[in-house]
Amino acid sequence: MVTLPAQADPLDRDRLMADIARYESFGVHRYGSPGAAAALDWIAAELAAAGLAVTEQRFTIDRQYVFERGTLEVEGRKLDILPQWWIPEDRASVELTAPIAPEGLLRLSLPYDRGAYLNEGHRARLAEAFARKPAAVLLDIGHPSGEIFTYNVDQAAPSWPVPVLLVASRDVPHLRPGAMATISLRGAYRRGVDGRNIVARLDRGRGKWLVVSTPVTSWFTSTCERGPGIAGFLAMARLAKNNFAKHDLAFVATSGHEIGHGGMEHFMQHGAPPPEITAAWAHFGSSLACRDPVVTAINSSVSMAQPVERAFAQIEGIRLTGEKAAIGELRDVHAASYRHFFGMAGSHRSFHTPADGLAAVDPDLLVPMAKAFAETLSAVR
């Protein structure tokens, strides 16, 4: 692990990379996991070291499935599987042998749509599969990595009537129709699952706030999905004491992104500065500095389109403004009537897969990204 002096430039590439490596070191960051808890503890310590007043904001999410392990054995091969949330509660753990066939383990393939969220189109295809009364559905999503890929879900979604088990698209050739296969799945449901956001403030008495946010939790280790955003978020916090002097500042690192945005929802209801006194909201979303981007979006409200375009002029990506820019957790910001917001979000080759590690990060993209956020925040009046 790289150790840097506390006075190192917050926008130094090595410092940004060190933060990403530190985030990766905690392992899987799924909501409710030890890795997520360790990452939140670390972020709180870094925000305090930056001279901000740090608090924890505790909340509860209705449910979480705690995945332990999953395999599919077919014709002598043992393949990894992962449930697509939400698996039936009475089959949180499953031992099952059946043929790969519509009446047994029904195979379903979905194309990768470059999205992050399970949508009504996906649900409709799954409903067609359930109508055939299988014992379980083996679902592969044609992600470019060939890895297991999973979609974000929400708390209101009902559990599936039978297990939906994700398999890597690269393993599909091994799923021969009619072959006998054995599923071994271990996991358990938790109810009333405690979570927390980390909130930090620098209240200068200005009466106008800048809010900076980033998600912390994720399906896997998710180094490039989450790491660059967290590194940029921490860089803004380290700049705060000597910059952005016209405003008070609030920073929030949220939990529960992948299972319904629970942390952001809680912050909106308890603790976010009201829209009428928020000069701008900056959001560090997913996959902000990755080697193999699939899509990158620079997002802004209509009111901030010009300063965002100036600051982000050298950063490649599609430009989205207004309602179209309200993606990821910015959809919560927009829905809560915050008129002035901006951020970035995207996906990359190993997005939402177990393969997302430090090698996916492009260090050359980190400093321009972080500087663009800092420049935009500095331009807010």
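This is a predicted model: local features need pLDDT of at least 70, side-chain atom pairs count only at pLDDT 80 or more; totals for chains, interfaces and linings use all residues.
Guide: Residues are numbered from 1 along each chain as its sequence is written, and side-chain values use heavy atoms, without hydrogens and water.

Visitor: What makes the radius of gyration agree with a compact globule?

Guide: The rule is 2.2 Å times the number of residues to the power 0.38, taken over C-alpha atoms. For 381 residues that gives a value near 21 Å, and the protein has 21 Å, so the two agree.

Visitor: How many of the residues are called buried?

Guide: Buried means under 20% relative accessible area, exposed over 50%, and partly exposed in between, with a 1.4 Å probe and protein chains only. By that cut-off, 59% of the 381 residues are buried.

Visitor: Which residues of helix 3 are buried?

Guide: Helices are DSSP runs of H or I with at least four residues, strands are runs of E with at least two, and both are numbered from the N terminus. In helix 3 (residues 120-130), the buried ones are His122, Arg123, Leu126, Ala129 and Phe130.

Visitor: Why are they said to be on the same side of helix 3?

Guide: The arc is that of the directions from the helix axis to the C-beta atoms. Theirs is only 110°, which puts them on the same side. Exposed Glu120 and Glu128 are on the face turned away from the buried side.

Visitor: What covers the buried residues of helix 3?

Guide: Contact means heavy atoms within 4.5 Å. The cover includes strand 4 (105-111), strand 5 (136-142) and strand 6 (164-167).
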